[in-house]
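Please read it with the coordinates open.

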Amino acid sequence: MIPLSLGEIAAIVGGTVEGDAAVTVTAPAVLDGRQAEPGGLFVAFVGEHVDGHAYVGQAGRAGAVAVLGSRPTPLPTVVVKDAQAALQTLAAHVVARLRDGLTVVGVTGSQGKTSTKDLLAAVLSSAGPTVATIGSLNNELGVPLTMLRADAATRFLVLEMGARHIGDIAELTGLVAPDIGVVLNVGQAHLGEFGSRAAIAETKGELVRGLAPGGTAVLNADDPRGDAMRALTDGPVLTFGRAEHADVTMLGLDLDGLGRPSFTLRTADACASVALPHVGAHQALNASAAAAAGLAAGVPLDLAEATLATASLSQWRMELRVLAGGATLLNDSYNANPDSTRAALDALAAIEGGRRIAVLGEMLELGDDSAAEHRAIGEYAATRADVVAVVGEAARSIADGARERAVLLDGNSAAVTWLRGHLAADDVVLVKASRGACLDEVAAQLM
């Protein structure tokens, strides 16, 4: 964050200062008092169940020097009517002040956003100081918090942009118009919220419409809905994918014994051989998107190739671990939708070992098609796994689809108990569900 006094912050957001207006904020803004840093700003929200103002003392002990909130606190405070609007206004102001030396990249898509954001952040970091979304903080609060981590030294700002409703991404691009916008795909995530894939495509297209003048759209040549978004911009378009017409074409995909992809990326004037340390063929497409966005930002393909070989991903995304008993755990428990679950099941099938065991829980927000989608995943899982362990009554339709390969378990504790009693040394076990199912708890217990 660029240094700002409380008086300056109050003027920017239209608030009033309670306390010393000369106090200067020099560290990032946070919503969790435990995450405050020395010199930081604690943003206090009044929620349905929790009042952030009650945690000002905790934030102060961690190092926060000031608060942005809706009432005075023991720390110097900028008091505003709407803390969320003030946070967004402050973030937009800070990035606007930095814009001359800053390239902003927005990343969206129905699946793969976080992994692609992680890979792209690594690629851009090879060329200059980079700030990127932590984990999946990609909403109306997470995006401004990421923006406020930028400072005068930052050359690249990578913003993961998520959505649950039409207009959500337009709201985010209203805070900062990206110079580069990456649309990975149009899938089924949050289909229950949007109602149709056409509505999802419209929302993802808001990133392309919201680009800065002359901004570059990076689109998936293999996804007809994504490729069609070139009509939404008069600016440059760069495509990626397996299609021959893609500007960055992925060729010769191969997987090793742990399911890690190697492939060639080809552009009009360069080729690069890429070997990823991550599990899953789908990561190759994510890496292709990251390389394409890197090219748009001026990072040459050979530099992207070297960086991708050592890039890391956020927590609980295709994490591969060998358990104490010798079995292999593939922990992809952060979130799930039908497309990402099929990709994870493909990764499970590609790993060498004994039995493949898919531990699957509910996929949320699928709307009226939920039962049918879960049943279809069960049917698909039965072609990729020897055992399909279905966790929770809400996911029963997966067991219906997997039929004789299914084991229905009534919760996370039951899943852990069953797995501990059935895992053999050379088994490979995948853990995958929507975030609300908390199957990360199963993975943690196994480890």
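1. Basis. This is a predicted model, in which local features need pLDDT of at least 70 and side-chain atom pairs count only at pLDDT 80 or more, while totals for chains, interfaces and linings use all residues. Residues are numbered from 1 along each chain as its sequence is written, and side-chain values use heavy atoms, with hydrogens and water left out.

2. Sheet order. An open, mixed sheet is built from nine strands, in the order β9-β10-β8-β11-β12-β13-β14-β15-β16. The edges are β9 (130-132) and β16 (271-275); each has a single partner strand, so one side of each lacks a neighbour in the sheet. From one strand to the next, the twist averages 15°. Strands are DSSP runs of E with at least two residues, helices are runs of H or I with at least four, and both are numbered from the N terminus. Two strands count as paired if DSSP finds at least two bridges between them.

3. Parallel pair. Four bridges link β8 (residues 103-108) to β11 (residues 180-183) in the parallel sense. G106 has G181 of β11 as its bridge partner.

4. β15 and β16 pair in the antiparallel sense over five bridges, and the hairpin between β15 and β16 has four residues. L265 is opposite A272 of β16. In a regular strand the side chains alternate between the two faces of the sheet. On β16, A272 and V274 make up the covered face, and C271, S273 and A275 the uncovered one.

5. Helices on the sheet. Helix α4 (residues 113-125) lies across β8, β9 and β10 (156-160), at about 175° to β10. Helix α10 (residues 282-296) lies across β11, β12 (216-220), β13 (237-241), β14 (248-255) and β15 (261-266), at about 155° to β13. Contact here means heavy atoms within 4.5 Å. Axes are lines fitted to C-alpha atoms, for helices over the stretch in contact, with angles from 0 to 180 degrees between N-to-C directions.

6. Helix pair. How do α12 (residues 338-350) and α13 (residues 370-384) pack? Their axes are 10 Å apart at an angle of about 10°. The two helices, α12 and α13, are therefore roughly parallel, the term for angles under 35 degrees. P338, T341, R342, L345, D346, L348 and A349 of α12 meet E373, A376, I377, Y380, A381 and R384 of α13. The residues of this contact are eight nonpolar, one polar and four charged. Ala, Val, Leu, Ile, Met, Phe, Trp, Tyr, Cys and Pro count as nonpolar, Asp, Glu, Lys and Arg as charged, and the others, Gly among them, as polar.

7. Positive phi. Most residues other than glycine have a negative phi. W316 has a phi near 65° and is in the loop between α11 (301-308) and β17 (319-322). R403 has a phi near 55° and is in the loop between α14 (396-402) and β21 (406-409). Are these residues buried or exposed? W316 is buried at 19% relative accessibility, whereas R403 is exposed at 63%. Buried means under 20% relative accessible area, exposed over 50%, and partly exposed in between, with a 1.4 Å probe and protein chains only.

8. Annotation. In an unreviewed entry, UniProt lists "domain: Mur ligase C-terminal" at residues 317-435. That span, 317-435, is 39% helix and 23% strand, with its end C-alpha atoms 12 Å apart. UniProt annotations may be inferred rather than shown by experiment.

Key. Parallel < 35°, antiparallel > 145°, perpendicular 65-115°, else oblique.
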